[in-house]
Amino acid sequence: MNYPALPDMILEPMVRAALMEDLGTNGDITTLTVIPADATYNARLNAREDAVVSGMQIAALAFRLVDPSLQITTHIADGQRCATGDTLMEIKGSAASILSGERVALNYAGRMTGVATATAALVAETKGTEARISCTRKTTPGLRIVEKQAVLHGGGFNHRFSLSDAILIKDNHIAAAGGVRAVLEATKARASHMMKVEIEVDTLDQLAEVLEVGGADVVLLDNMPPETLKQAVALVDGRIVTEASGNISRDTVAAVAATGVDYISSGALTHSYRTIDIGLDF
């Protein structure tokens, strides 16, 4: 599937900060010392394992910010699969510039490809069901926008981006506000008609109260075993969107998807993924 790229202007401050962190106050002194200024090369970003690719747009941006004259050709785009040995990208031009941007480009490419690959693995386990895999806000500070983009590249869906996107009433909100009815009544009285409302429940009794009071668009079924999830889906009967969450892994996701829930959210997609091995070869 082809995914629309984010505007570079959104990503540029993040990538520029990463380059400044890596280049420090004196630039790449190793490269400046040993590489002739006029040396040119044709470098390749190569996959060293099978994966679902993400981070190519960011890697290209990193090289261009170091040196706008570099010629960059992406061979395998974000959202596509690669095999071990595949060339993902070629970079032609100043050898010094390529070496100076190498680590930042690889850091983003390896990590984002890791997120996309982990997402694709969960999506594959839900095949044959209507369940959609979603991420959470358990992201690396400062990298949320690209990690959530990588989830899309892996075939998943995005949950809210920030606290300001939607009303998500968690167990602590319920405890502090005085119960399920209290939080839902407050939401109905104060929330904009444009704002979606999701509420977390731990038991079927809480779910029944949510359905009785009304005001929620989505219910988060937290840490429920599959048999309880089946009962919850039956109780909801299509009236609101259902989302299952809690200890979701490749070992558990198929059973959760089989219960009929609409969405399955997993923090592991962005906090416990494995970085994929991608190398820069001269």
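Guide: A residue is called buried when its relative accessible area is under 20%, exposed when the value is over 50%, and partly exposed in between. The structure discussed here is a predicted model.

Visitor: Why is Asp-217 called partly exposed?

Guide: Its relative accessible area is 31%, and the band for that label runs between 20% and 50%; Asp-217 is therefore partly exposed. The residue lies in the loop between helix H8 (204–213) and strand E9 (218–222).

Visitor: Which residues does Asp-217 touch, not counting those up to four places away in sequence?

Guide: Asp-217 touches Met-195, Lys-196, Val-197, Ile-240 and Val-241. Pro-13, by contrast, is 204 residues away along the chain, and the C-alpha atoms of Asp-217 and Pro-13 are separated by 35 Å.

Visitor: What makes the rings of Tyr-41 and Phe-282 a pair, and of which kind?

Guide: The whole structure holds two aromatic pairs. In this one the ring centres are 4.6 Å apart and the planes stand at 20 degrees. Centres must lie within 6.5 Å, and planes under 30 degrees apart count as stacked; the pair of Tyr-41 and Phe-282 is therefore stacked. Tyr-41 belongs to strand E1 (residues 40–47) and Phe-282 to the segment after strand E12 (278–281), so the pair ties together parts that are 241 residues apart in sequence.

Visitor: Why is the pair of Phe-157 and Tyr-263 described by another word, and which one?

Guide: Here the centres are 6.3 Å apart and the planes stand at 90 degrees. The centres again meet the limit of 6.5 Å, but planes over 60 degrees apart count as edge-to-face, so that is the term for Phe-157 and Tyr-263. This pair links distant parts of the chain, 106 residues apart: Phe-157 is in the loop between helix H5 (144–153) and strand E7 (167–169), and Tyr-263 is in strand E11 (residues 263–265). Relative accessibility is 31% for Phe-157 and 25% for Tyr-263, so each counts as partly exposed.

Visitor: How do you know that Arg-250 forms a salt bridge with Glu-125?

Guide: The closest N and O atoms of Arg-250 and Glu-125 are 3.6 Å apart. A salt bridge requires a side-chain nitrogen of Lys or Arg within 4 Å of a carboxyl oxygen of Asp or Glu, so the contact qualifies. Arg-250 lies in the loop between strand E10 (241–245) and helix H10 (253–257), and Glu-125 in helix H4 (residues 95–125), so parts that are 125 residues apart in sequence are tied together. The structure holds 10 salt bridges.

Visitor: What makes Glu-200 count as buried or exposed?

Guide: Its relative accessibility is 3%, and buried means under 20%; Glu-200 therefore counts as buried. The side chain of Glu-200 meets that of Lys-170 in a salt bridge of 3.0 Å, N to O. Lys-170, at 31% relative accessibility, counts as partly exposed.

Visitor: What joins Lys-188 with Glu-185, and how far apart are the closest N and O atoms?

Guide: A salt bridge joins them, with the closest N and O atoms 3.8 Å apart; the limit is 4 Å. Both residues lie in helix H7 (residues 180–190), three residues apart, about one turn of the helix. Salt bridges that share partners join Arg-181, Glu-185, Lys-188 and Glu-212 into one network.

Definitions and conventions: Residues numbered from 1 in each chain as written. Predicted model: local features only at pLDDT ≥ 70, side-chain atom pairs only at ≥ 80, totals over all residues. Heavy atoms only, no water. Phe/Tyr/Trp six-rings, centres within 6.5 Å; stacked < 30°, edge-to-face > 60°. Helix = DSSP H or I, 4+ residues; strand = E, 2+ residues; numbered from the N terminus. Buried < 20%, exposed > 50% of the residue type's maximum accessible area, 1.4 Å probe, protein only. Contact = heavy atoms within 4.5 Å.
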